Amino acid sequence: MPKKYAIHTKPAPNRFKAITPSGIIAWEEGCLKCAVCVKKRCVYRVYEQRGLDSRQMVDSIDNQCMNCLRCVQGCPKELIHKSSNPEFKSLGDTHWTPDIIAKLWAQAETGKIPVSGAGYPGPFSGDGFDAMWTDMSEIVRPTRDGIHGREYISTAVDLGKTPRHLVFNEKGELQSRIPKFLDIPIPVLMRVPSFGAVSEETIRGWAMAAKRLGTFLCLPVHQGKKHLDRYRSHLMPILPEGLLKSGRGLRGLRAVELPWTETWDEALNSVRKAMPSALISVHLPLDKAVKQRALALARAGVSMIHLEGSYSGRAMDDDSTAMKDVLRSVHRALIEEGIRDEMTLVASGGLALAEHVAKAILCGADAVVIDFPILIALECRMCRRCVKGLSCPVEIEKAEAPWVASRVYNLFGAFHNQLLEVMGAMGIRDARRLRGEVGRAMFFEELDKPVFGTLGEVKEGYELE
Amino acid sequence: MNLNSHKIPDVVNTPSRFRNPIGKYRLSRSKECIACGRCVEICPYGVHDIKRGRVLTRNAYRCVGPDCVTPCIKECPVKALSLRRNPTFDTLGDYRWTPDLLASSWHMAETGNVPPGGLEYRVGASGGGFDKLRLLLPLPGKALPVEESEVDVGVDLNRRNDRAHRIRIEVPFYGGGMSYGSVSIMTMLSRIKAASALGTFCCTGEGGYPDELKPYDDHVITQVATGLFGVREETIKRVKIVEFKYAQGAKPGLGGHLLGDKVTPGVARMREAVVGFPLFSPFPFHSVYSVEDHKKHVDWIKAINPQALVSVKVSTPTDVDMVAVGSYYAGAHIIHLDGSYGGTGAAPDIAKKNIAMPIEYALPKVHRFLIQEGVRDKITVIASGGIRTPHDVAKIIALGADGVCTGTADLVALECIRCHNCESGRGCARGIATTDAELMNLIDVEWGTQRIINLFLAWRRELVRILKRLGMKSLRELVGRTDCLVHLDYMKKQE
């Protein structure tokens with residue numbers, strides 16, 4: 001077997017105190033000065049280690065409190081309370097929820113997968129990928145020594161074109177030309193997000209991480225400056241619209257991305273000519289026309305199509321259409337056309353958690369591109385102050401590249417381990433085989449109505465309880 | 001053994017073990033108070049107290065807020081009282097266990113009754129499944145009159161009529177597996193003693209069978225799980241029910257993991273392991289790769305203890321119906337489906353949320369398939385994974401279960417607040433899921449036992465009340481009666 005892919009994470013501490021869901025309110029007035037104060041008996045020694053961060057004017061207590069409420073319930077004068085933190089509730093928006101943001105922060109800091117006790121606390125189901133469950137297998141296991149054992153689960157996927165068949169001559173020599181394809185050890189690429197207090201140093205950090213991880217960073221071509229030369233093999237510049245005049249300045253790049261326009265074929269030809277050995281991905285907005293356009297591109301032999309959904313993981317032109325449904329229909333159309341295996345489909349837009357990676361692949365993508373998670377990994381609060389030209393509360397632009405790289409590296413480490421968890425449970429040992437495997441997924445639409453759809457009649461003389 | 005003569009235990013009022021119980025409301029009394037005692041007089045819930053001419057708001061947690069019919073804040077002649085929501089209350093809980101459900105379970109564990117008002121004790125806020133299902137009850141007086149003493153909520157567990165024990169549980173639930181190591185011996189004893197008093201069972205989980213449980217052997221289910229921790233011929237022989245754990249809802253398809261910190265000398269001895277080293281319970285049983293292999297396992301138990309009932313605990317994959325039928329043909333008495341949203345121990349969040357389906361989908365699927373196969377009346381179907389209230393019990397039974405397993409509810413009775421930190425550092429700071437010598441002494445076994453008894457007596461009363469309203473004398477009549485349910489998303493408007 002090829003060498004096992006491992007991401008060796010190590011903690012990369014926050015530069016700022018994270019915003020917590022709730023805070024402690026402790027009054028001094030009326031305090032009895034008990035000899036054994038409940039604060040001294042704190043199991044987590046929160047009060048003992050308490051300090052004031054003078055730069056941020058934040059009391060460290062809220063970041064250490066584990067919400068056991070023993071002090072709240074023990075103080076004889078009831079002077080200690082907990083209160084929800086409005087600042088936490090107002091983080092992000094309806095898609096990038098406070099909970100998602102906090103989970104991404106923690107993963108980037110520790111490199112560990114989120115683990116907690118006491119069952120699942122969230123809603124029953126929801127929109128988009130939340131209306132989906134992954135399957136498990138009661139007795140079949142893909143590896144014999146556990147998901148972290150020597151006999152490992154592979155998360156590697158190929159980007160590019162695989163030929164339908166190989167042709168050999170009479171002597172048994174290979175006649176077919178092997179098309180260009182690249183393999184990445186984890187089915188996640190990254191892209192510079194559409195906003196953020198990003199500096200050249202930030203981008204350098206992301207490029208470092210992409211190289212260390214063996215994946216790609218997509219970025220507008222003008223951001224790929226000289227300081228990124230060391231990482232060129234792991235950059236995927238997004239070319240401007242129109243014809244490419246020459247390949248100068250694009251040497252050493254293994255992949256480029258081309259935005260879709262009505263005259264995509266001319267543009268594509270110009271890029272093919274200028275960069276004959278590069279993998280070319282065409283960037284297509286995920287909207288009503290996506291299926292026809294994707295089919296046309298695939299028929300024309302485009303080796304990689306990047307479907308970009310909206311900021312919140314929906315169709316670009318219709319907020320009521322979830323990415324998962326579009327992905328499924330594009331994937332199916334390509335299968336019916338008989339060309340699905342000859343090209344690569346990647347998806348982006350609103351993908352926030354490791355579960356979204358697995359679910360997008362189950363719906364038909366080969367790999368995904370994440371954008372805001374690599375910014376949130378740097379403590380971004382999605383406050384959009386930068387969009388208004390105001391200062392970044394966590395000074396992302398000042399972060400040094402090695403720190404940026406280790407935060408993103410940690411995030412990928414956590415994502416990788418979570419992929420192993422769900423793939424292991426599904427009994428799937430290779431990410432390439434996860435693609436479009438809807439038999440290992442369960443959908444709300446297919447489960448809820450058959451079970452509950454008939455439970456709608458309220459007979460006369462009856463009431464609900 | 002005549003279990004029908006089982007005496008229902010008494011409720012003993014068992015307040016919180018903390019000085020300040022958490023309530024939904026806070027009442028403040030200003031200096032204007034003239035100690036007239038009017039509030040003490042009119043409050044039906046004992047919130048206020050008068051002592052030596054001073055009036056104090058002692059039990060604000062019992063206040064039902066705006067639901068009160070004789071509000072002290074209005075009756076106070078000098079308007080010295082003010083009412084507001086307790087901010088701490090709103091930091092508690094989550095979509096599934098809302099602060100209201102937590103506080104109402106604490107009320108039941110204290111008093112043995114459902115809360116008198118102010119709290120939603122029937123459904124949570126998850127927006128689907130149980131929380132969108134409602135019981136459809138005939139208007140009062142419409143159903144056949146049933147005497148309370150006639151209503152039977154017990155369940156026969158052996159429906160194969162083989163030579164194994166004829167076991168009947170007096171309430172339609174038993175305690176799900178929580179291992180020695182994941183919870184303290186105090187918690188374990190409280191659960192088992194309560195189960196014994198209630199005439200039901202409690203499972204040891206996968207961590208061995210501590211000697212302290214020996215007096216309650218007849219109410220213990222011992223678990224055989226993939227790590228085989230603490231499984232011995234002697235422990236199999238000791239019990240009436242043996243449970244095979246193939247998978248668990250919180251982390252289906254993944255093994256168990258006890259962190260090194262929790263492997264104290266006691267735990268290590270019980271599990272025959274090394275102190276301080278983490279213990280992995282692998283997935284799956286490497287000796288079982290087919291239903292035939294599974295039958296070999298069941299036969300092995302039957303050879304060691306021929307009269308034992310065999311329960312098979314599985315998670316809820318797409319093909320859960322086939323798994324259930326396979327278990328029946330392998331000789332199991334009980335098929336226990338553990339849905340994906342339950343669980344008490346630590347598990348990856350990605351697994352808890354995404355892997356396998358909720359019990360509300362899996363159970364009807366299994367029930368229907370067992371009927372089609374003609375074996376539904378030969379096997380007992382137990383549901384677990386997110387059963388929080390007596391209403392959840394009634395709903396899942398109407399969807400086709402014979403009974404349920406509880407886990408989190410037991411812990412909530414012991415004042416778990418679901419801070420989700422069971423696994424960190426010294427374990428549960430409230431002394432429930434910990435093996436830390438100091439922390440585990442926060443729970444007194446007598447107190448814990450009575451709290452769990454009280455909670456489940458309140459559940460029992462609610463179930464009896466619901467059955468009476470339905471005109472049913474036995475819980476068995478409710479099994480699979482989906483016509484007693486309405487799902488709000490599919491509800492048709494009344495003509």
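Strand β5 (residues 133–138) of chain B is joined to β19(B) by three bridges, and the two run antiparallel. Pairing here needs at least two DSSP bridges between strands, and strands are DSSP E runs of at least two residues, helices H or I runs of at least four, numbered from the N terminus.

This is a predicted model: local features need pLDDT of at least 70, side-chain atom pairs count only at pLDDT 80 or more, and totals for chains, interfaces and linings use all residues. Residues are numbered from 1 along each chain as its sequence is written, while chains are lettered from A and ligands numbered from 1 in the order in which they are written.

Back to the sheet: it's open, antiparallel and three-stranded, in the order β20(A)-β5(B)-β19(B). β20 (462–464) of chain A and β19 (485–487) of chain B stand at the edges with a single partner strand each, so one side of each has no neighbour in the sheet.

Now the helices. α4 (residues 185–198) and α13 (residues 445–470) of chain B have axes that come within 8 Å, and their crossing is right-handed. Helix α11 (residues 390–398) of chain B lies across β5 and β19 of chain B. Angles run from 0 to 180 degrees between N-to-C directions, with axes fitted to C-alpha atoms (for helices, over the stretch in contact).

| Pair | Angle |
|---|---|
| α4(B) and α13(B) | roughly 45 degrees |
| α11(B) and β5(B) | about 85 degrees |

Notes
A crossing is left-handed if the near helix is turned anticlockwise from the far one by less than a right angle, and right-handed if clockwise. Two residues are in contact if their C-beta atoms, placed from the backbone, lie within 7 Å.
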